[in-house]
Amino acid sequence: MKTVQQLKNRILELGKQAAQFSQQAAEISQTNREQSKILMQQAKEASRRCQLLIQELKRQSN
């Protein structure tokens, strides 16, 4: 089990990662649809992991 601070740090990292993937996907969507699709899938996965960690953080805070 991770500490609260470790969870917070990881949540921030995953949030930034999801945003970067999404931004990259938007930038190349006109030129490379397949790569854009892959980046969006990565953004969704990072976001999903982030949400799971937020839930874990809430459980530990209670």
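In the predicted model, Ser29 is buried, with a relative accessible area of 14%. This residue is found in the loop between helix H1 (4-28) and helix H2 (33-61). The side chain of Ser29 reaches back to the backbone oxygen of Ala26, at a distance of 3.1 Å.

Four salt bridges are present in the structure. One of them joins the side chains of Glu13 and Arg10, with an N to O distance of 3.1 Å. Glu13 and Arg10 are three residues apart in helix H1, and are therefore separated by about one helical turn. Glu13 is partly exposed, its relative accessible area being 44%, and Arg10 is likewise assigned as partly exposed, at 30%.

The side chains of Arg49 and Glu45 meet in a salt bridge with an N to O distance of 4.0 Å. These two residues both lie in helix H2, four residues apart, which corresponds to about one turn of the helix. Arg49 is partly exposed, with a relative accessible area of 32%, and Glu45 is partly exposed at 31%. Arg49 and Glu45 also belong to a network of salt bridges in which they are linked with Arg48.

A further salt bridge is formed by Arg59 and Glu56, whose closest N and O atoms are 3.1 Å apart. Arg59 and Glu56 are three residues apart in helix H2, a separation of about one helical turn. Arg59 is classed as exposed because its relative accessible area, 54%, is over the 50% cut-off.

How values were computed: Residues are numbered from 1 along each chain as its sequence is written. This is a predicted model: local features need pLDDT of at least 70, side-chain atom pairs count only at pLDDT 80 or more; totals for chains, interfaces and linings use all residues. Side-chain values use heavy atoms; hydrogens and water are left out. Buried means under 20% relative accessible area, exposed over 50%, partly exposed in between (1.4 Å probe, protein chains only). A polar contact is a pair of N or O atoms within 3.5 Å; within protein, one must be able to donate a hydrogen and the other to accept it, and residues adjacent in sequence count only if both atoms are side-chain atoms.
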